[in-house]
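Dear colleague,

I am passing on the structure we spoke about, and below it you will find my notes on what turned up when I went through it. Please read them with the model open beside you.

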Amino acid sequence: MKVKVLKRNAEDFLRETKHDIHKVHRNYSQAEHPFEAEREYQRAMNSVKLEKVFAKPFLGSLDGHRDGITCLGKHPGSISKIVSGAADGEIRFWELTERKCTSNWCAHEGVVRGLCYGPTGERLFSCADDKTIKVWNAVKPSETPLETLVCKKMVTGISHSWESDEFATCGESTQLWSVGRSLPIRTFQWGVDSVHLVTFNPVQTNLLSAAASDNSIMIYDTRDVGPVRKVILTLRTNAVKWNPMESMVFTTANEDYNLYSFDLRKLNRPVNVHMDHVAAVTDVDYSPTGREFVSGSYDKTVRIFATGEGRSREIYHTKRMQRLTNVLWSNDDRYIVSGSDEMCLRLWKAHASEKLGILKDRERVALQYAEKLKEKYNNHPQVSRIARHRQVPKHVMNAQKELRVIRQSKKRKEANRRKHSKPGTVPYIPEREKNIVDEI
């Protein structure tokens, strides 16, 4: 006689602790699940729609400045500490966790042009239109500077080395200083009237980039007196930032509404052209991972780009936010700070739909599953259309339409010239090479 018995062992179904994953027995046979792809596709559609529903990137506004914000700086060893400088000479220290100003004073008699921390974060360096460079105590902020350096010419920018006690300034020329000395230890010149921007490389700490008035970007080596490389663009460069993970790559914010990513080993052609802004790009900053960067523009928007993509993945804007002057990506890769003309700092989430706070285990697993579904079905037309769609301000939409008409007109004119000219006289110029004048 044969007897069939149902046997259930509790250990096969119960978790040992609440942090373990749930034990689920699944039959992976496709014959048993004929509509699995359809169900996953519907879940991907729901996930990408819910991402739009929960997209609330704006966290808060930091008020207090009485003039336009001109520069920002972030603490190298802290996630929540930043400093800002304004056009009236005031410097403010901010604590982002509490969203308040911890200390402020009038540091200079002119527009603050540059702010940067030392590699340890104990000192803050500032420069302004009053031809002075001042060193401040960043641990216990005080109105009395630790050191004041008086320059002969105007100083328009400052950047500190990531390892040594050297810092660089720019003005009529690029000068290298050492902490504790009242005169520059080295001066770099390459036949230009003025230099308005200087930035140290965070990986190859001896490399220094500078942007000049002749629309050129120059690369210096602090171990050598002479410059290394130089590339000339059609329009002025407003900001240069090095990739913190790739020592040879840097990105520039340009007046021609685009951003250009260059490889130091081949400056005659940019690695990528990032297009989406409809006005001059004023600032750019990389995320700590080096995979993305944020840009601010005169079109009153903040955009986030992937380093390998030519189009932005996100756009942030508010009704009150005016022309952007500075942007900054926090050291924990989760927040973005923007400064604009109407004297406000704004705090944004780097990922618009990210939930802040503690996540439960099941919630975290569900979010990871939704991300994988969106990644799997991102090339499907409906999913990609919803994920790509953004509501933009009316002035941005109108400017995009106008730029589209201008580009189509230029393309049509060039095609007509090529059609009615001798073969080879009107060459095809790639988009990446159109705005490069020369490399030296």
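A patch of negative charge on the surface is formed by Glu11, Asp12, Glu16 and Asp20; please bear in mind that this is a predicted model. Within that group, glutamate 16 sits in the segment that precedes helix H1 (36–53), and glutamate 16 counts as exposed because its relative accessibility is 74%, where the cut-off for exposed is over 50%.

Glycine 68 belongs to the loop that links strand E1 (58–62) with strand E2 (69–74), and, if neighbours within four places in sequence are set aside, its contacts are Ala86, Ala87, Asp341 and Met343. The C-alpha atom of glycine 68 is also 8.6 Å from that of threonine 325, although 257 residues separate the two along the chain.

As for the protein in general, it contains 4 helices and 29 strands, and its C-alpha trace spans about 105 × 70 × 45 Å along the principal axes. Of its 440 residues, 44% are buried, while the accessible surface amounts to about 24,700 Å², with 51% of this belonging to carbon and sulfur atoms. Among contacts between residues at least 6 apart in sequence, 47% join residues at least 24 apart. Finally, there are 71 positive and 55 negative side chains, and the centres of these two sets are 7 Å apart.

Definitions and conventions:
Residues are numbered from 1 along each chain as its sequence is written. This is a predicted model: local features need pLDDT of at least 70, side-chain atom pairs count only at pLDDT 80 or more; totals for chains, interfaces and linings use all residues. Side-chain values use heavy atoms; hydrogens and water are left out. Helices (H or I, at least four residues) and strands (E, at least two) are DSSP runs, numbered from the N terminus. Contact means heavy atoms within 4.5 Å. Patches are made of residues with over 30% relative accessible area and no salt bridge: like charges are joined within 9 Å, nonpolar side chains (Val, Leu, Ile, Met, Phe, Trp, Tyr) within 5 Å. Accessible areas come from the Shrake-Rupley method with a 1.4 Å probe; for residues, only the protein chains shown count as cover. A salt bridge is a side-chain nitrogen of Lys or Arg within 4 Å of a carboxyl oxygen of Asp or Glu. Lys and Arg count as positive and Asp and Glu as negative; His and the chain ends are not counted. The place of a charge is taken as NZ of Lys, CZ of Arg, CG of Asp or CD of Glu. Buried means under 20% relative accessible area, exposed over 50%, partly exposed in between (1.4 Å probe, protein chains only).
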